[in-house]
Amino acid sequence: MVRDVRTFFSPEGSLARFKNFEYRPQQQQMAEAVAEALLTKNKLIVEGGTGVGKSLAYLVPAILYATEHKKKAIICTHTINLQEQLIQKDLPLLKKILDTDFTYTMLKGRSNYLCTYRLHRALRNAKYLFTDTEQAELERIKEWSEKTKDGTLSDFAVEPDPKVWSEVCSERGLCSPKVCGHKSDFAQDHPLCFFQKARNRIFTADLLVLNHTLFFINLGLVFNKLPDGVLMNNDFVIFDEAHTLENVASKHIGFSLSSGQYRYALNRLYNPRTQKGVFTSLLRPNEIPHIADALEAGEEFFSVLEEACDKACQATPQKLSWSDFRVRRPNLIGNNVASHLARIRDDIAEILKTVDDEESTSDLEYCSKRITEIQSVIGDFLDQSALDHVYWVEKNFVGRNPNPQLSLHAAPMDIAQYLRERLFGANTSVVLTSATLSMSAGTTALTDQAKAPQKGGSSSSKRRLSSNNRLPMGLEYVSNRLGGESSRLLQVGSPFDFERQVQLYLVNKMPDPREDEYQEKLVEYIKFFVKQTHGKAFVLFTNNQLMRKVAEELEPFFEELDLELYVQGMGLPRSAMLDKFRKNTDSVLFGLDSFWQGVDVPGNSLSNVIITRLPFVAPDHPLTEARLELIRLRGGNPFMEYTLPEAVLKFRQGIGRLIRTQSDHGIVVVLDSRILSKFYGSRFLEAMPKCAVEII
Ligand code: SF4
């Protein structure tokens, strides 16, 4: 198979018959490495620079291996854009080129699918469950359900009201043979639902494409390690955009509960505002006051929690306000909701004894299950029973509501141990890839940082980074953080000619970003460099307040130059902003975090990337704070071992926005003089591809 893969990507191979083919040795080497990892059930972490053609480099060996060995390839991406590229472009192309016949499908999050059973129920009980406007929306969903191809949200021309959709979409814990299985009454009059069709496709397809979030949600539901797989027996996994894995995994392996979710679970039984709900449809007026009490107790719980966080925040030096507050001790407040929730569960248990229709039974069982989950999340959060977890409260303002929505969160401080066991310890292949996984830029040379691969992964918990201040320049950083120490590490550089395509400007005259004149000089230099390319610029910020101030100050200047300015967070959704920027070559885009990575603007529209500040992560998010503490506790240096490598990775992602094709060219400007004045500046410079540099 390795030979077949090598030939496929060679100048004489099948791919070469297609127009626009360019032989890329990096792509060929990556594909061979993936094929080897699959054949030996090994783990591989491979950085493939921009332009390598990574997706084909892993899809081809994945297809060949899956079909030959009757395995299932699970391909995970972070962004919907890449998923769409795989499903709409790469896989159909490979269907035409490869001699091997294969099938593929995409799995979306469960709540994307219409549940025909819930729709049927909702229509029958509409007058008890919905207001008049909501009933009209329900009718619209019904009409759509008769025409839709895949029964998922993305098939709507105008998305439905989220409140109504949440009552008719597929939900975990509801599907059962009793409810709608082929022997059920419901199944007699209704064809297989969209969700079941999608699931059936998953079981039969050779390749399954899904996102990281869904992968980790499902991994959390697999309780016992599988003999030959990760999510399903006989599977293997390939993660693209793997630079986001640590954060996505942490988020989904922990737990969370918002005040809105608490309310929603109870409102399903009875909503005092609309006077609708399951209890109304079952004509159970005696239990309704219990719901009202539990809702009131919930309001009190979250409000007391907010006060407790405010008080603790005021007692914390240098912390004036909070949006994420770390709760460092158990029982910060009392649990005033437990008894109310227990009473509702008892009520449901009593009602269940008298109800004899299957639909109401399954509804009530589902509600009871959800309330049990909420009870246990609140209990676990207050007890802080998992010692290796970090606990925090998040405060968000939703829409125009002046009252914040609070949510409880818990996540493991160190995700490596979990992934070492559950992912890298699996008896199957795991491949991680991204354009940015290491501290240093790959050159056009091919770099193999291979260690002797260990069959079936390793359960070793040895971390090479914790006892000294050395910053690993290669892929060891990411393999250590993810618990993938047993993996083969490979870096294949980009085929682009950065020396010809990029000019780097380092502005030594800029004051330190912490000094007062920084903003004034920032404005001055943004003007200077934006003028050079007449717009076509991404200006990347790390601070929202500063971005807005600078945007305000520069607005008249851009107007004068007839340049359109798009500023993130000013009303225009991110994708619409990007779309306008791509189409309007005389424009400037000011962006925060999400524009540093995963954004692709090939061609003339983007010829200038301005980095306003080296992207050091703020240490005050509870999860970051806990990660830094953990390193300190191990005797390590948090700055060298986490803050700096993370900043270098993000910096590489930021500058990686500029050159997306062979013919792109442009400038990168760094307006943070610490890149030249501080001891760590060289780490950022080493992260740049080799290109022309001018210091001004
Ligand atoms: S299988 Fe699940 S999603 Fe499909 S109709 Fe039944 S309950 Fe709904």
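In this structure, strand 13 (residues 502-506) and strand 18 (residues 666-670) run parallel and are joined by 5 bridges, and within this pair Leu506 stands opposite Val670 of strand 18. Helices (H or I, at least four residues) and strands (E, at least two) are DSSP runs numbered from the N terminus, and two strands pair if DSSP finds at least two bridges between them. The model is a predicted one, in which local features need pLDDT of at least 70 and side-chain atom pairs count only at pLDDT 80 or more, while totals for chains, interfaces and linings use all residues. Residues are numbered from 1 along each chain as its sequence is written.

An open sheet of 7 strands has the order 15-16-14-17-18-13-19, and its pairing is parallel. Strand 15 (564-567) and strand 19 (692-695) are the edge strands, each of which pairs on one side only. From one strand to the next, the twist averages 15°, where angles run from 0 to 180 degrees between N-to-C directions and axes are lines fitted to C-alpha atoms, for helices over the stretch in contact.

Helix 22 (residues 518-533) lies across strand 14, strand 16 (587-591), strand 17 (608-611) and strand 18, and runs at about 170° to strand 17. Helix 26 (residues 638-655) also packs on the sheet, where it touches strand 14, strand 17 and strand 18, and its direction makes about 155° with that of strand 17.

Leaving aside its neighbours within four places in sequence, Val539 is in contact with Ile526, Val588, Phe590, Ile610 and Thr612, contact being defined as C-beta atoms, placed from the backbone, that lie within 7 Å. Val539 and Val669 are 130 residues apart along the chain, yet their C-alpha atoms are separated by 9.3 Å.

Another sheet has antiparallel pairing, with 4 strands that form an open sheet in the order 6-9-8-7. Its edge strands, each pairing on one side only, are strand 6 (255-258) and strand 7 (324-326), and the twist averages 20° from one strand to the next. Strand 6 pairs with strand 9 (residues 405-412) in the antiparallel sense over 4 bridges, and the bridge partner of Leu257 in strand 9 is Leu408.

Some pairs of helices pack against each other. Helix 14 (residues 259-267) and helix 16 (residues 288-314) pack at an angle of about 175°, with their axes 10 Å apart. The two helices are therefore roughly antiparallel to each other, a description given to angles over 145 degrees, while those under 35 count as roughly parallel, 65 to 115 as roughly perpendicular and the rest as oblique. Their contact is made by Ser259, Tyr262, Arg263 and Leu266 of helix 14 together with Ile291, Ala294, Leu295, Gly298 and Phe302 of helix 16.

In another pair, the axes of helix 13 (residues 245-253) and helix 19 (residues 415-422) come within 10 Å and cross at roughly 90°, which makes helix 13 roughly perpendicular to helix 19. Helix 13 contributes Glu246, Ala249, Ser250 and Ile253 to the contact, and helix 19 contributes Ile415, Tyr418 and Leu419.

The surroundings of the ligand complete the tour. Among the residues around the ligand are Cys115, Thr116, Tyr117, Arg118, Cys175 and Phe195, where a residue is near a molecule or strand if its C-beta atom, placed from the backbone, lies within 6 Å of it. Helix 5 (116-124), helix 9 (177-180) and helix 11 (194-204) each give two or more residues to this shell, and the largest share, 3 residues, comes from helix 5. The buried residues of helix 5 are Thr116, Tyr117, Arg118, Leu119, Arg121 and Ala122, and they pack against several helices, including helix 7 (132-145) and helix 8 (162-168).

How values were computed:
Contact = placed C-beta atoms within 7 Å. Buried ≥ 20, exposed ≤ 12 C-beta atoms within 10 Å, placed from the backbone.
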